[in-house]
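Me: I'm new to this one. Could you show it to me and then take a few questions?

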Amino acid sequence: MIKLVCPECRHENEPERIYCHSCGARLDRSALANAKSTEEDPQATQRRLKAMLDPQQAKLRLLFLRLGKLILGAVLVALIIQMILPPDVPPPAKAAILPTQIGLELENATSSHRAAPLRYTEDQANAYLGNSLRSKRAALSKGLQFERALVAFDEGTVRVTTERSLIGYSLYLATLYRVTLKDGKLDAVDLGGQIGRLPIHPQIMKYAEGLNSNLWAALDRERKSLAKMAGFELHPKLVVLTPRA
């Protein structure tokens with residue numbers, strides 16, 4: 001119950017009083033008037049309760065709630081399926097392709113300053129990756145079992161796909177980069193990627209880059225060799241490296 005506080009002696013008076021019971025000062029009844037104005041009209045209260053207790057509306061609310069849960073569950077299942085489905089990548093080679101000695105050729109090109117450009121196809125690059133990372137699988141398998149890494153060249157971009165496995169099921173993470181070389185420094189811009197077949201925005205994809213941190217560490221020697229080049233060009237299924245003159 002609202003009490004009227006006397007402005008003179010701070011005595012709490014009953015709401016029906018006009019003068020203070022303790023000191024006789026006139027009470028300020030504006031607070032009581034404001035409190036009464038906030039009370040809900042009985043008829044409005046009755047209508048609101050009737051709407052809340054209406055069985056037909058209760059059934060509709062329950063139906064919409066169940067339908068919303070069903071739609072949300074279907075969306076989550078669809079997202080999980082898209083993340084599990086493998087992207088369009090070539091199957092593991094049954095017979096290993098004789099890998100091109102890309103690492104040795106890069107070192108020779110930077111030390112001898114040969115002028116002839118180096119050209120490598122996707123198959124050669126992937127064979128080299130498979131051969132050089134085979135001995136490092138134990139270090140690359142922290143968290144999830146590392147299976148392989150693949151590159152796909154296109155005009156000005158390269159897509160790096162890693163395959164890892166969890167209790168026998170393969171999980172794929174693919175990132176699209178636009179790579180440039182300037183003043184001896186490689187610059188890679190994240191253009192987005194995929195988890196399985198699910199497209200991921202670049203702003204979200206950067207948080208998944210930590211999964212490939214050990215891969216970049218394993219390829220640090222190759223990165224340094226590429227940085228010593230005068231330039232390189234990315235074309236569909238082909239990369240061209242130009243040594244310094």
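What follows is a short chat about cores and salt bridges in this predicted model.

Me: Which residues of the largest nonpolar core touch the most other members?
Reply: This core has 26 residues, and several elements give two or more residues to it,. Among those elements are helix 4 (102-112), helix 5 (122-134), strand 4 (145-154) and strand 10 (238-242). The residues that touch the most other members are Leu133, Val151, Phe153, Val158, Leu215 and Leu241.

Me: And how many residues are in the second, separate core?
Reply: Leu4, Cys6, Cys20 and Leu32 are included in that second core. Its count is 6 residues.

Me: Let's zoom in on valine 151. What does it touch, leaving out residues up to four places away in sequence?
Reply: Valine 151 is one of the residues touching the most other members of the largest core. Leaving out those sequence neighbours, its contacts are Glu122, Ala125, Asn126, Leu129, Val158, Arg159 and Val160.

Me: On to charges, then. How many salt bridges does the structure hold?
Reply: One of them pairs glutamate 14 with arginine 17, with the closest N and O atoms 3.0 Å apart. Another joins the side chains of aspartate 220 and arginine 223 at 2.7 Å, N to O. The structure's total is 8.

Me: Glutamate 122 pairs with lysine 237, so how many residues apart are they?
Reply: The closest N and O atoms of this salt bridge are 3.8 Å apart. Glutamate 122 sits in helix 5, while lysine 237 is in the loop between strand 9 (231-235) and strand 10. The pair links distant parts of the chain, and the separation is 115 residues.

Me: In that pair, is glutamate 122 buried or exposed?
Reply: Buried means under 20% relative accessible area, and exposed means over 50%. Lysine 237 has 55%, so that residue counts as exposed. Glutamate 122 has a relative accessible area of 13%, which means glutamate 122 is buried.

Me: What about glutamate 14 and arginine 17: how does their accessibility class come out?
Reply: Values between 20% and 50% fall in the middle class. Glutamate 14 is at 31%, and arginine 17 has a relative accessible area of 30%. So both residues come out as partly exposed.

Me: Last one: which residues do salt bridges with shared partners join into one network?
Reply: Aspartate 220 and arginine 223 are 3 residues apart in helix 9 (residues 220-227), so about one helical turn separates them. Salt bridges that share partners give one network made of Asp220, Arg223 and Lys224.

Definitions and conventions: Residues numbered from 1 in each chain as written. Predicted model: local features only at pLDDT ≥ 70, side-chain atom pairs only at ≥ 80, totals over all residues. Heavy atoms only, no water. Core = buried A, V, L, I, M, F, W, Y, C linked by side-chain atoms within 4.5 Å. Buried < 20%, exposed > 50% of the residue type's maximum accessible area, 1.4 Å probe, protein only. Helix = DSSP H or I, 4+ residues; strand = E, 2+ residues; numbered from the N terminus. Contact = heavy atoms within 4.5 Å. Salt bridge = Lys/Arg side-chain N within 4 Å of Asp/Glu carboxyl O.
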